Amino acid sequence: MDLLMDFAPNFYQELTLIQEHKKAYKGTNLINQPLCCKIGAEEREFCVGKMQPFCTSTFILLQLLLLVCLNFSSNFGLTYSLSSQNSGGGGTRASVPALIVFGDSIVETGNNDYLNTVAKCNFLPYGKDFEGGKPTGRYSNGKVPPDLLAEELGIKELLPPYLDPTLQVNDLLTGVNFASGAAGYDPLSAQVASALSLTDQLKLFKEYKGKLIAAVGENRTSTIISESAYLVVVGSNDITNTYYATPFRRLHYNISSYTDLMTTFASSFLQKLYGLGARRIGVLNIPAIGCVPSQRTLAGGLQRSCVEEYNHAASLFNSKLHAEIQFLNRKLPGARITYIDIYEPLLDLINNPSQSGFEVANKGCCGTGTIEVLLLCNRLDPTCPDASKYVFWDSFHPTEAAYKILVNRIMSKNLDLFF
């Protein structure tokens with residue numbers, strides 16, 4: 001408190017500075033939560049005790065603490081935060097109240113477990129390196145990007161699927177996952193597999209908003225929805241499955257016109273999501289899908305080379321998606337839609353695995369690693385002794401080790417999306 005009072009004479013001079021940093025606590029419920037900042041290399045921590053309903057003295061203390069943090073920040077380095085007692089991951093970044101995810105199997109955490117679809121993986125060896133060695137519907141040996149991202153943002157350790165019937169209010173407050181394996185921008189992709197299309201996922205999101213309103217009221221729901229981080233990861237199934245593996249779209253479209261169609265679907269989805277209140281939206285492009293093990297096996301010839309036609313299709317769509325996102329950011333007031341490149345980072349892991357500690361990049365850890373995915377990767381298949389040495393878990397989805405590297409690269413280049 002003495003340190004706080006030492007800065008009191010400068011209080012009014014620094015009000016403007018505090019206002020510029022008000023996002024550090026804006027929209028966050030401060031009741032019964034301490035506000036702390038860590039200063040300097042030794043991370044000396046200064047806190048205002050648990051907040052009670054606001055009064056003048058409490059607000060002054062809050063502003064004074066921020067003043068102390070901000071004054072020290074220019075010379076000693078600063079981390080300021082609102083500690084969240086509702087966070088499952090023990091993190092403290094208050095600027096992102098929740099993480100909400102839409103997409104396909106790359107980011108699904110178990111919604112398809114509750115659907116009548118073959119596109120599910122709630123059986124071993126999936127999840128063999130997950131907590132307790134249990135399969136949860138995550139298409140990997142362990143955690144998947146939504147879990148890693150939620151933990152990195154300090155929100156919680158795991159991002160649950162929205163269809164999980166055991167979800168509690170606190171789970172809803174900090175974000176859920178609507179993704180469904182086999183989904184695509186093209187609604188036909190999900191339809192063929194009886195999965196949740198993006199339209200279905202948006203319907204569930206509307207339902208989710210209703211549950212939030214019932215739990216915490218419209219004002220707090222509005223804050224959660226507008227300040228949360230949204231992640232959209234989808235599109236690979238459209239090209240590999242719906243376009244190249246089936247004749248339905250190729251009868252009517254060449255790859256140029258089909259990627260135009262995909263872009264139209266993507267734009268429509270993002271505008272609808274914006275209309276429902278989302279503002280900070282990260283959209284991953286399509287990876288180099290011609291280099292995933294299954295596509296090498298199916299279309300890469302005897303040498304199992306990367307299928308350049310598929311990679312070209314992905315790149316073609318990516319360029320159109322990027323341009324559309326730039327257009328939407330100009331069109332939609334307050335939109336912060338971020339185009340996130342995963343094509344190059346994953347391709348780098350595939351082409352230079354040893355630089356990131358991997359030994360195998362052209363096949364997965366499950367079975368032969370050349371074709372096994374979903375039901376073909378089951379408890380009867382042997383798995384490699386150490387999945388962390390493999391870029392891919394099955395013939396389509398990366399390992400947790402690869403995901404950790406990719407999420408780290410995404411975070412390092414796209415912090416403006418989340419903060």
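Visitor: What covers the buried residues of α11?
Guide: In this predicted model, the cover includes the helices α8 (236-245), α9, α10 (293-299) and α12 (343-351), along with the strands β6 (280-284) and β7 (336-340).

Visitor: Which residues of α11 are buried?
Guide: Among them are Tyr310, Leu316, Phe317, Leu321, Ile325 and Leu328. Asn311, Asn318, Lys320 and Glu324 of α11 are buried too.

Visitor: And how far does α11 reach from its first C-alpha to its last?
Guide: Helix α11 runs over residues 308-331, 24 residues in total, and spans 34 Å, close to the 34 Å expected at 1.5 Å a residue.

Visitor: New topic. Which residues touch the most other members of the largest nonpolar core?
Guide: Tyr185, Phe205, Tyr208 and Leu273 do, in a core of 92 residues. Helix α9 (residues 255-275) supplies the largest share of this core, nine residues. Apart from this core lies another, of 17 residues, including Tyr126 and Cys377.

Visitor: Back to Phe205. What does Phe205 touch?
Guide: Leaving out residues up to four places away in sequence, Phe205 touches Ile100, Phe102, Phe178, Ile225, Tyr230, Leu273 and Leu276.

Visitor: How do the axes of α7 and α9 cross?
Guide: The axes of α7 (residues 198-227) and α9 cross at roughly 5° and come within 11 Å. Angles under 35 degrees count as roughly parallel, so α7 is roughly parallel to α9.

Visitor: Which residues make the contact?
Guide: Leu198, Leu202 and Phe205 come from α7, and Phe269, Lys272 and Leu273 from α9. By class, five residues in this contact are nonpolar, one is charged and none is polar.

Notes:
Residues numbered from 1 in each chain as written. Predicted model: local features only at pLDDT ≥ 70, side-chain atom pairs only at ≥ 80, totals over all residues. Heavy atoms only, no water. Core = buried A, V, L, I, M, F, W, Y, C linked by side-chain atoms within 4.5 Å. Buried < 20%, exposed > 50% of the residue type's maximum accessible area, 1.4 Å probe, protein only. Helix = DSSP H or I, 4+ residues; strand = E, 2+ residues; numbered from the N terminus. Contact = heavy atoms within 4.5 Å. Expected span 1.5 Å × (residues − 1). Axes fitted to C-alpha atoms, helices over the stretch in contact; angles between N-to-C directions. Parallel < 35°, antiparallel > 145°, perpendicular 65-115°, else oblique. Nonpolar A, V, L, I, M, F, W, Y, C, P; charged D, E, K, R; others polar.
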